[in-house]
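Trainee: I have a complex open on my screen and would like to talk it through with you. Could we take it topic by topic?

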Amino acid sequence: MTDNTQIAPNETDAATERDGSIHVESVSKVYDPDGEHVVAVDDVTLHIDAGEFVTVLGPSGCGKSTLLECIAGFTDPTSGNVYVDGEIIDGPSAERGVVFQSNRLLPWMTIEENVDIGPKMRGAVEDGRASQLLERMGLEGTENAYPSELSGGMQQRAEIARLLANDPDIMLMDEPFSALDALTKEMLQEMLLEVWDDDNRTVLFITHDVEEALFLADRVLVMTAGPGRVKEIVDVDLERPRDLSMTTTEEFTALKDRVLHLIHEEAREAME
Amino acid sequence: MSTATAIERRLPSLFEVSRRLVSLAGLVLVWTAISSVGLIGGLPGPVAALTALVALLGNPIIHESVSISLLHILGSFVIAAVIGVPLGLLIGWKTVVHDLVFPSLEILRPVPPIAWIPLTILVLPSMRSSIMFITFLGAFFPILLNTIQGVHDIEPDYVRAIESLGGTSTDVFRNVIYPGALPSIHTGLVIGMGLAWVNLVAAEMVADEGIGRFVWVSYTSGNFENIVASVILIGALGYASSEVIRFVGRWQLSWTQLDD
Amino acid sequence: MSAVTRVEAYLASVQRQVGAIPRPPRYVLKAVSIAGFLAVWWLFVRVGVLGFALITTPPEAAGALMGYLLGEPMTNGGYSLYYHSYHTIYRVGLGVGLAVATAVPTGLLIGWSDWWERYVAPAFELLRPIPPVAWVPIALVAFSTNLLSIVWVVFVSAFFPVLLNTADGVRSIETEYVRAVQSLGGSQWDLFRHVIIPASVPSIATGIMLGVGIGWIAVVAAEMISGNFGVGYITYQAYRLMQTETVVVGIIVLGSYGALSSYAVSRVGSRLTAWKDRE
């Protein structure tokens with residue numbers, strides 16, 4: 001990877017011209033452990049424009065994480081293909097950064113080493129870059145701490161800093177805030193939106209929290225469970241920048257009711 | 001269980017030391033009682049054994065025996081670590097290597113290392129190489145198995161994290177597989193050192209060399225004080241070599257101690 | 001989608017399938033591994049690498065093993081494999097059994113009570129670093145019979161791993177479990193029965209696994225040094241008589257007993273900790 005656009009010294013300037021469109025073309029993923037045929041993702045087609053923020057909402061076990069794994073390149077789809085900027089993906093890549101559900105900072109490295117690891121592996125590590133990113137995430141002074149010394153929320157912010165250090169066009173986030181307490185979660189949601197506003201990266205964000213999905217996204221993809229299919233894609237035409245006060249507006253509650261209705265309908269069908 | 005005891009363990013206070021002395025005194029008392037009542041014939045008491053130990057420390061024969069044994073231990077242990085750790089990392093990381101190498105090692109593993117000695121005496125060129133091979137086997141399997149286990153216990157998402165940050169296979173090995181397996185490698189090295197001594201003493205008694213030979217000769221010549229004294233010496237040497245490994249481990253694994 | 005991307009998509013899916021073909025099934029690789037081991041053994045003997053010319057080939061060893069399984073005496077005019085096995089297994093069983101019977105209660109006490117931890121544990125810590133086989137001459141002096149001294153050495157070797165693992169198991173029990181039982185009105189005895197013992201079973205099992213392994217080393221060494229029957233004794237005796245096929249059979253038999261006993265311990269262990277696997 002010697003793509004020059006990957007190293008953007010000034011995020012605000014680079015904001016307008018980023019790649020990072022995702023196209024998922026009839027992707028299915030079937031697991032076959034001990035001859036048991038389990039369809040995790042069933043024929044999902046989805047297009048995400050560069051710079052768009054899309055959340056995927058669904059009950060646990062609906063295959064939303066599998067979908068993310070296919071886009072990240074961790075697993076090959078059984079059929080169908082994933083395209084990024086028009087090219088079929090081949091395994092994981094630095095252009096698609098991933099934030100994991102439970103913290104996956106490397107426990108044997110300090111926070112600074114963790115943030116620097118991406119650039120270091122590509123031979124492009126800059127002095128002071130890690131501190132700059134940590135400060136941006138409100139983590140100044142944690143450089144020499146080990147991950148286990150930080151709280152859950154701080155760890156998750158450090159993981160976002162690690163991803164930003166690589167300057168990927170796409171951020172794939174797999175329920176990154178689900179293990180946090182409500183207050184920390186809200187704070188991180190606002191922080192993530194700021195980062196997204198500044199840098200204009202494409203974000204695919206997986207969650208099972210309806211409010212979180214609507215608050216963050218341009219579009220919400222509602223998935224059905226077993227097998228995982230796209231039930232509906234809901235446009236969220238709420239103005240930006242957003243802050244948490246808008247979660248009490250009439251517009252927001254109307255959207256929330258609509259999505260909840262979709263989910264309940266789905267749950268009823270599943271029970272029959 | 002509490003933090004207070006954890007700190008006490010690292011920095012033994014005077015109180016703690018005196019408790020240990022009480023425990024030690026109890027042991028000596030039981031020993032004295034057994035030997036003076038004559039419950040077990042021929043067993044020397046603590047005073048006789050300690051006198052013999054002091055005399056032993058100035059004895060050139062024991063110096064030679066101890067240096068031979070330490071050479072055996074050092075050589076075998078280093079070879080076991082140099083082969084066991086890289087092989088364990090590969091077996092744990094790559095399924096193909098696992099399937100091709102591990103089954104034949106699994107056939108050999110349940111054999112108590114000392115059982116090989118009649119065969120190695122026949123096959124290998126010298127007694128010394130037989131003893132070292134047995135000692136090597138004692139250390140090799142714990143190191144190998146713990147290394148493999150260490151790799152298997154690594155959270156797969158760590159590998160994914162490195163891959164999604166643009167890391168190659170080499171990056172995964174250097175940043176995840178090796179450091180992730182390190183605590184378990186360390187456990188393997190500590191257990192391996194213990195079993196190296198177990199097998200060394202056995203092999204030296206059978207093959208008649210080093211400190212094992214000294215213990216056995218003391219027995220056959222009826223010098224019971226020297227038996228007990230040299231057994232104490234072996235215990236001290238074994239303990240010291242395990243402490244060296246533990247010390248290196250603590251220094252290498254500073255990040256794991258934060259979880260305490 | 002353009003024709004070009006469609007072709008690309010097709011090629012990518014073909015490549016995925018091709019990429020999956022070349023690796024043969026795992027059991028084939030494992031069989032290759034074992035066949036390779038036997039082939040190397042056979043080759044070494046034939047070519048005479050180091051002193052391998054003196055050793056028997058795999059088929060010869062298999063033949064000898066068959067003969068001994070049919071009850072042939074292992075040395076001229078000597079005892080059968082079954083007789084030697086009986087003595088060795090009896091010594092290991094008795095030594096490990098005594099070790100478990102004493103080390104488990106002691107370990108529970110050391111792990112649970114500060115008093116035991118402070119005043120009793122250090123004495124054991126002093127004895128622990130002595131390699132078990134070094135006890136052989138002491139045992140020979142101390143005990144009048146051969147059986148007792150070998151059993152003592154096995155006992156010592158199995159005792160410490162069981163003791164340490166039991167105590168560690170108790171120490172690592174979550175305080176919440178203890179408090180839960182206490183707050184439900186449980187007595188000290190209830191605590192022991194419903195929390196301490198079941199929660200430390202997995203580490204007790206680990207300790208017994210290790211103890212049995214070292215117990216086998218101890219019995220073989222002790223028999224080689226001072227026995228007059230037993231599989232360890234006969235393996236070494238066969239070397240003196242230059243009956244190399246008997247040496248190889250001895251090693252195979254000892255390996256099988258080692259494997260069988262650790263399999264048995266792990267089966268019992270996982271039966272007792274069935275609640276753990278269902279998590």
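Trainee: Which domains does the domain assignment give for chain B?

Mentor: The assignment gives domain 1 (1-43) and domain 2 (44-259) for chain B, where domain bounds come from an automatic or database domain assignment. Before we go on, this is a predicted model, in which local features need pLDDT of at least 70 and side-chain atom pairs count only at pLDDT 80 or more, while totals for chains, interfaces and linings use all residues. Residues are numbered from 1 along each chain as its sequence is written, and chains are lettered from A and ligands numbered from 1 in the order in which they are written.

Trainee: How many residues of domain 1 of chain B are in contact with domain 2 of chain B?

Mentor: Seven residues of domain 1 of chain B are in contact with four residues of domain 2 of chain B, contact being counted if the C-beta atoms of two residues, placed from the backbone, lie within 7 Å. Taken over C-alpha atoms, the centres of domain 1 and domain 2 of chain B are separated by 28 Å.

Trainee: Switching to chain A, what order do the four strands of the open sheet take?

Mentor: The order is 2-1-4-5 in chain A, with antiparallel pairing; strands here are DSSP runs (E, at least two residues) and helices are likewise runs (H or I, at least four residues), numbered from the N terminus, and two strands pair if DSSP finds at least two bridges between them. Strand 2 (38-48) and strand 5 (87-88) of chain A are the edge strands, each pairing on one side only.

Trainee: And how many bridges join strand 1 and strand 4 of chain A?

Mentor: Strand 1 (residues 22-31) and strand 4 (residues 79-84) of chain A pair over five bridges in the antiparallel sense, and A:H23 stands opposite A:Y83 of strand 4.

Trainee: What about chain A against chain B, how many residues does each give to the contact?

Mentor: Chain A gives 22 residues and chain B gives 16 residues. On the side of chain A that touches chain B, the elements giving two or more residues are strand 6 (96-99) and helix 3 (111-121) of chain A.

Trainee: Last topic, chain C: which residues does UniProt list for "domain: ABC transmembrane type-1"?

Mentor: The unreviewed UniProt entry lists residues 85-264 of chain C under that name, with positions given in the numbering used here, feature names shortened, and annotations that may be inferred rather than shown by experiment. Residues 85-264 of chain C are 86% helix and 0% strand, and their end C-alpha atoms lie 17 Å apart.
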